[in-house]
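Trainee: Can we go through this one together? I have the sequence and the structure open and would like to take it a piece at a time.
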Amino acid sequence: MARNVLGRNSSMSMSAPMMLLSSLLMMIMMLSSNVNAYSSHMQQQQQRIPGLEVDALRNEYILLEKSLWEYLDKTADSQNNRESQIKKVYDSHRAFINTPQMSRKFLGEQYTKIMHHYEWTLLASNLTYLNSIFDFYKDTLMKRTSSQDLEERAVLDFKEEVLRNDTALTMLEIFRNIEYIMVKQAMYYRAMVQSQEEMCNIKQSPQQFVYSLYTDIALTELKGYTMMEFSWMMLRVYGKGNFSKEAELMRRDYEKRTERAVNLLKEVMRRADRIVYRCDPAKHVPKVTYDEVTRLLQGYIENEVDLNGDETCRETCSYYQSTRSEGCFKDKYCARQPKCSGRLYNCEFIDSDMWVCPSPLNSTRRYEYIEYENGRVLGQRKNCGRGTTKVDSWWRYLFWHCSYCFCLCDEQGMKSDRFFNLRESVSDVKQNRVVTGLRFVKKNRVFHLQIQEGNLLPRGAINASTLEWKPVDEYKIYDRNVARGVDYHTMSYESRSIDLDDIQKTDDNSFVVTGVRFRVLGAHLNLEARLSEFDFKKGELIQPEVNSVWQSNDNTDVSGERRQKLSVHNLDVPTRSIARSLVESKHNQYIEFVNSGLDKDAAQSTVPFLDIQDVVSNPPVPLSGIGIYYKARLGFGGFVAPKIITYDFTPHVQVPKNIS
């Protein structure tokens, strides 16, 4: 019995490690299965997302190249197949290099103006050289309509240039330089940083700039690769050797270089900003580069006796924070200036007596400047075209001083342009057109956000020849069937804020902008973007009448993730700044239209101004979003302007499928 018990205990003690080992093996198998399943899932996900145009073109040629080598291997034993082989290789390459994508020119100067790096200058000259060889190859050697006209001597001479391996500049050396400078020396990253600093000059988002740079470099490398493959194949056909091993090694080397470049590119593009906006012009021109909301809140001189219905002077100016002009006592200065027929706000006393320089009658200003007896000057003192007027306060009944107050006038009238369009502006989606640009325009005293539209093409391209600015609705606020709060918004002291937002879908990259509109949210003007689903590979909108949504930021200053107010107070007119404005806002903020500074401008202008320059990208691309932002310099009222958010090409940056 003792032996049996001992045997059972020994058996149990031996089975425990076996069970533990078995459990560990099962866990490893399960983990391995999960990893494989995840890897397979990620590969399927990548396959479902169409690649970039240049990557698709590269994949297309690698498949073509492999099929041509297979064809040459199958027909290698027959001497009668030489003409057929030449025709197959020649016609296939001729058709491929004459696709529109392969006709894209390399314009190195557009990058050299931005990228002031010695390494890039050297590489750009190499790329230009390679493109010149390709142009000769395409326009001379491959221009013949039939392979029968192809001369063997011409092909062999061309081969000498393409496949040479001497100390001079060679194709393989150019390929190595591309990888060394763009990947190992992180030129793609440096290009992203530089393009952000040069936004004013390139009209491209940093991501778009990097994407364009990659496209040109990858396309140039593909051109070189096709010429080398063509040369190897023709040498094979002419009986100069087999060369299939050389071609295979070259392909593997090409694919590995591409993999390293694409992995870096994807990370750089993921980090790159996609916003395009306009910087201040060299010279501000009214109605051309900027426009203004006029007479929203404007400095106005009024005596206390006219600020109440009793014609008394018992209070101080600061007592009148919201009132009206109730009359014109004994035709004093009130009779010599245009009356404020709206409400008066925030009155204050500055000094009793002054000299007032009135503005020209056709101006939206009331005063050019005001000079008080104590020496304080509101506005910029200069030659007064209409002559100054002496304005003095007075005493009444020895007890009450009837002082002139300085107030803010909120008055609607023919000189007050304070209206913003609320009607939607939508691209012609039935013709597969999408929004590609924005700008503010003022028509009949109403500000509109106008859209540029263009035809969508496959893989995120836009047909540049179809670009046009869609006309805005040129209604007037007094037209029949035009209603305040429905067709347009009227700004006032109580409702003069505009929200500063970036509107886009952050969780879905399959939508592009097809429309814009303003709405009134609370007392704020709030931007909305119409986003429509599209097929990236085909370049087609997918039932936009059904698969579209109006996107917005519904936060307010009192609800949701509360908006932050940007303070603008006592600022000068922005066009007087000698330095370019800087972006001062971020998403989920808002700004109020206010009067310009008392001392700097006598509170005669409404700031911020509106930047009305075209906001477009060059070349045009679809947009994943739009926005409104504020830019200014310290001490100046700044500008409100639109911006565009270019489509995010990062998910379409994929490692070539042929890499094992």
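Trainee: Where is Pro608 found?
Mentor: Pro608 sits in the loop between β29 (606–607) and β30 (609–611). Keep in mind that this is a predicted model.

Trainee: And what kind of peptide bond joins Val607 and Pro608?
Mentor: A cis bond, with omega about 0°. The bond from Asn618 to Pro619 is also cis, with omega near 5°. Pro619 is in the loop between β31 (615–616) and β32 (623–632).

Trainee: Back to β29. Is Thr606 buried or exposed?
Mentor: Thr606, which is in strand β29, is buried, at a relative accessible area of 2%.

Trainee: What is Thr606 in contact with?
Mentor: Leaving aside neighbours within four places in sequence, Thr606 is in contact with Val293, Thr294, Arg295, Leu296, Leu297, Phe593 and Val594.

Trainee: What about Arg459, what is its phi?
Mentor: Arg459 has a positive phi of about 55°, again in a residue that is not a glycine. Arg459 is in the loop between β16 and β17 (461–469).

Trainee: Are those two arginines buried or exposed?
Mentor: Arg445 is buried, with a relative accessible area of 15%. Arg459 is buried too, at 16%. The cut-off for buried is under 20%, so both values qualify.

Trainee: How far apart are Pro50 and Val653?
Mentor: In sequence, 603 residues; in space, 8.9 Å from C-alpha to C-alpha.

Trainee: On to the helices. How many residues does α2 have?
Mentor: Helix α2 covers residues 53–74, which is 22 residues. From the first C-alpha to the last, α2 reaches 32 Å, close to the 32 Å expected at 1.5 Å a residue.

Trainee: Which residues of α2 are buried?
Mentor: The buried set of α2 is Val54, Asp55, Leu57, Arg58, Asn59, Tyr61, Ile62, Leu64, Glu65, Leu68, Trp69 and Leu72. Note that Asp55, Arg58 and Glu65 are among them.

Trainee: Why would residues three or four places apart point the same way?
Mentor: Because an α-helix has 3.6 residues a turn. In α2, Leu57, Tyr61, Leu64 and Leu68 are among the buried residues.

Trainee: What do the buried residues of α2 pack against?
Mentor: They pack against α3 (82–97), α10 (206–237) and α11 (244–271).

Trainee: How many residues of α10 are buried?
Mentor: 32 of the 32, so α10 is largely enclosed by the rest of the structure. The end C-alpha atoms of α10 are 46 Å apart, which agrees with the 46 Å its 32 residues should span at 1.5 Å a residue.

Trainee: What follows α10?
Mentor: Gly239, with a positive phi near 75°.

Trainee: And α5, what does it pack against?
Mentor: The buried residues of α5 pack against α3, α4 (109–112), α6 (152–163), α7 (171–184), α8 (187–197) and α10. They include Trp120, Leu123, Leu127, Phe134 and Tyr137. Helix α5 itself is residues 118–141, with 24 residues and a reach of 34 Å, close to the 34 Å expected.

Trainee: Last topic, the whole chain. How many helices and strands?
Mentor: Twelve helices and 33 strands. The radius of gyration is 36 Å, well over the 26 Å that the globule rule gives for 660 residues, so the protein is more spread out than a compact globule. Along its principal axes the C-alpha trace spans about 120 × 100 × 50 Å.

Trainee: What share of the residues is buried?
Mentor: Buried residues are 53% of the 660. Among contacts between residues at least 6 apart in sequence, 74% join residues at least 24 apart.

Trainee: How many positive and negative side chains are there?
Mentor: There are 87 positive and 85 negative side chains, and the centres of the two sets lie 1 Å apart.

Definitions and conventions:
Residues are numbered from 1 along each chain as its sequence is written. This is a predicted model: local features need pLDDT of at least 70, side-chain atom pairs count only at pLDDT 80 or more; totals for chains, interfaces and linings use all residues. Side-chain values use heavy atoms; hydrogens and water are left out. Helices (H or I, at least four residues) and strands (E, at least two) are DSSP runs, numbered from the N terminus. The radius of gyration is taken over C-alpha atoms; the globule rule is 2.2 Å times the number of residues to the power 0.38. Buried means under 20% relative accessible area, exposed over 50%, partly exposed in between (1.4 Å probe, protein chains only). Contact means heavy atoms within 4.5 Å. Lys and Arg count as positive and Asp and Glu as negative; His and the chain ends are not counted. The place of a charge is taken as NZ of Lys, CZ of Arg, CG of Asp or CD of Glu. The expected span of a helix is 1.5 Å times one less than its number of residues.
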